[in-house]
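Me: I've got a structure open and a list of labels for it, and I'd like to know what each label rests on. Can we go through them one by one?

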Amino acid sequence: MPRTEPQTVLILGGDGFCGWPVALDQSDRGRRVIIADNLSRRKIDADLGTSSLTPIHGPDARLAAWRALSGRSIDFVDLDASIGFDGLVGLLEEYRPDAVVHLAEQRSAPYSMLTPAHRNYSVRNNVMATQNLLSAISQSGLPVHIVHIGSVGVYGYSSKDWTMPEGYLTVRVPASAHPDREVEILHPFEPVSVYHLSKCLDAQLFEFYARHDRMRITDLHQGVVWGSQTRLTSLSDVLINRFDYDSIFGTVVNRFLVQAAMGHSLTVYGTGEQTRAFIHLPDAVHCVNLALENPPAPGQRARIRNQVAECLRVVDVATMVATQTGAEVSFVDNPRVEDARNSLAVANDSFAALGFAPTLLRDGIWQEAVGIAQRFRASANPDLIQLDGRAQCAGEPL
């Protein structure tokens with residue numbers, strides 16, 4: 001299918017860790033961008049007593065700085081997609097977007113497992129945001145392309161002797177008439193947290209609406225994102241992106257970098273032989289744009305692309321950070337319920353076919369991440385880099 005350049009992009013969750021750099025990237029490409037966000041990620045920080053290592057300015061200041069630097073405007077709407085069905089319908093009718101980037105979901109596996117209330121919130125918020133969006137688009141009748149950020153964790157983290165395909169698995173179905181018939185089905189789900197369970201439920205919703213309402217949907221199964229800044233978020237301190245390093249929202253690379261900056265040893269859970277998929281933040285932003293510009297046709301099944309660059313063991317990540325920073329590595333009891341070790345291989349053929357050449361951790365592209373950790377280390381809370389047993393779940397290594 002020929003590349004399709006969207007002109008207007010609505011970004012649900014555009015104030016968040018991935019949403020903000022995606023919004024800047026789309027605006028920089030000359031597209032009209034609308035952010036819809038209820039600022040829930042900021043409220044979660046207040047509830048948990050955590051904060052970004054980097055100082056995060058409010059939406060008004062961010063958008064004013066971007067307008068002053070670029071001459072481009074981004075609209076902001078305060079909206080909770082999980083309860084704001086009528087608001088979503090109104091946004092679609094007012095802006096008539098060509099595409100919606102759906103990031104309006106609670107994104108932490110450990111957070112989703114803290115208490116029954118956090119489990120319930122994660123399902124209610126994530127699944128209802130998706131359902132409301134799909135239902136609103138169906139009601140509007142607009143030919144909107146949805147790009148959703150999911151998780152490679154829907155495949156599970158138990159060892160498998162095959163490469164995780166891009167969403168669909170070819171199986172042989174025994175039948176009397178066609179004993180050797182092969183069909184493609186959604187790859188069996190194996191969620192390891194309520195967060196990942198919500199992403200599995202999203203996938204079922206996408207399958208239904210693509211088939212029943214002929215919606216154009218791309219579901220990006222994303223790996224653990226490392227780094228925190230892009231070229232555009234680095235233009236001004238007012239535009240700076242989040243840098244989470246705590247045990248609930250901070251990814252393992254960021255946690256290690258802050259530990260190193262504070263002169264702390266890098267704490268590896270268990271033996272560190274848990275294998276996960278990784279991707280650099282600027283690469284994730286680039287992949288979102290590739291997905292936007294290459295939508296499926298109406299009537300096609302939901303397109304699933306694995307948004308990953310490489311698979312690494314946690315101990316290998318720690319070794320890389322230690323080599324770069326001079327920090328020591330220490331091994332601590334794992335507070336999380338997960339396999340002590342696993343193998344993982346994930347296909348990313350569809351992005352490779354679009355010319356995606358990822359940045360790998362071993363390439364030593366650390367200047368931005370190390371620089372951020374060093375620059376803002378004085379604001380780091382030492383309590384947030386210690387072993388934290390509150391999140392008894394598997395998932396992305398934190």
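Me: Let's start with Arg242. Why is Arg242 called buried?
Reply: This is a predicted model, and in it Arg242 has a relative accessible area of 4%. Buried means under 20%, so Arg242 counts as buried.

Me: And what makes Arg242 and Asp244 a salt bridge?
Reply: The closest N and O atoms of the two are 2.7 Å apart. The cut-off is a Lys or Arg side-chain nitrogen within 4 Å of a carboxyl oxygen, so the pair qualifies. Asp244 is buried too, at 3% relative accessibility.

Me: Which residues are linked with Arg242 and Asp244 in a network?
Reply: Arg41, Asp45 and Arg107 join Arg242 and Asp244 in a network of salt bridges. For the whole structure, the search turns up 20 salt bridges.

Me: What about Arg29 and Asp25: why do they get separate burial labels?
Reply: Asp25 has a relative accessible area of 12%, and the limit for buried is under 20%, so Asp25 is buried. Arg29 is at 40%; partly exposed runs between that limit and 50%, so Arg29 is partly exposed. Their side chains still meet in a salt bridge, at 3.0 Å from N to O.

Me: How do you know that Arg313 and Asp316 are partly exposed?
Reply: Arg313 is at 33% relative accessibility and Asp316 is at 25%.

Me: On to the rings. Why is the Tyr111 and Tyr121 pair called edge-to-face?
Reply: A search of the whole structure finds four aromatic pairs. In the pair of Tyr111 and Tyr121, the centres are 6.4 Å apart and the planes make an angle of 80°. Centres within 6.5 Å make a pair, and planes over 60 degrees apart make it edge-to-face, so both parts of the label hold.

Me: What does that pair tie together?
Reply: Tyr111 is in helix H5 (residues 109-112) and Tyr121 in helix H6 (residues 116-140), so the pair ties together parts that are 10 residues apart in sequence. Tyr111 is buried, with a relative accessible area of 7%, while Tyr121 is partly exposed at 21%. Ring pairs also link Tyr111 and Tyr121 with Phe249 in a cluster.

Me: What makes helix H8 mostly covered?
Reply: For H8 (residues 252-261), 10 of its 10 residues are buried. Among them are Val253, Arg255, Phe256 and Gln259. The cover includes strand S9 (224-226), strand S10 (266-269), helix H10 (314-325) and helix H12 (367-375). Gly263 follows H8 and has a positive phi, near 75°.

Me: Why is strand S4 said to pair with S1?
Reply: Four bridges join S1 (residues 8-12) to S4, and a pair needs at least two, so the strands pair. They run parallel, with Leu10 opposite Val100 in S4. S4 also pairs in the parallel sense with strand S5 (residues 145-151), over four bridges. There, Val147 in S5 is the bridge partner of Val101.

Me: Which way do the side chains of S4 point?
Reply: Ala99 and Val101 point one way, Val100 and His102 the other, and all are buried.

Me: Last one: how confident is the predictor?
Reply: The mean pLDDT of the chain is 92, and 95% of its residues reach 70 or more. Over residues 388-398 the pLDDT is below 50, though in the model this stretch has 61 contacts beyond near neighbours in sequence.

Terms used:
Residues numbered from 1 in each chain as written. Heavy atoms only, no water. pLDDT = per-residue confidence, 0-100. Contact = heavy atoms within 4.5 Å. Buried < 20%, exposed > 50% of the residue type's maximum accessible area, 1.4 Å probe, protein only. Helix = DSSP H or I, 4+ residues; strand = E, 2+ residues; numbered from the N terminus. Phe/Tyr/Trp six-rings, centres within 6.5 Å; stacked < 30°, edge-to-face > 60°.
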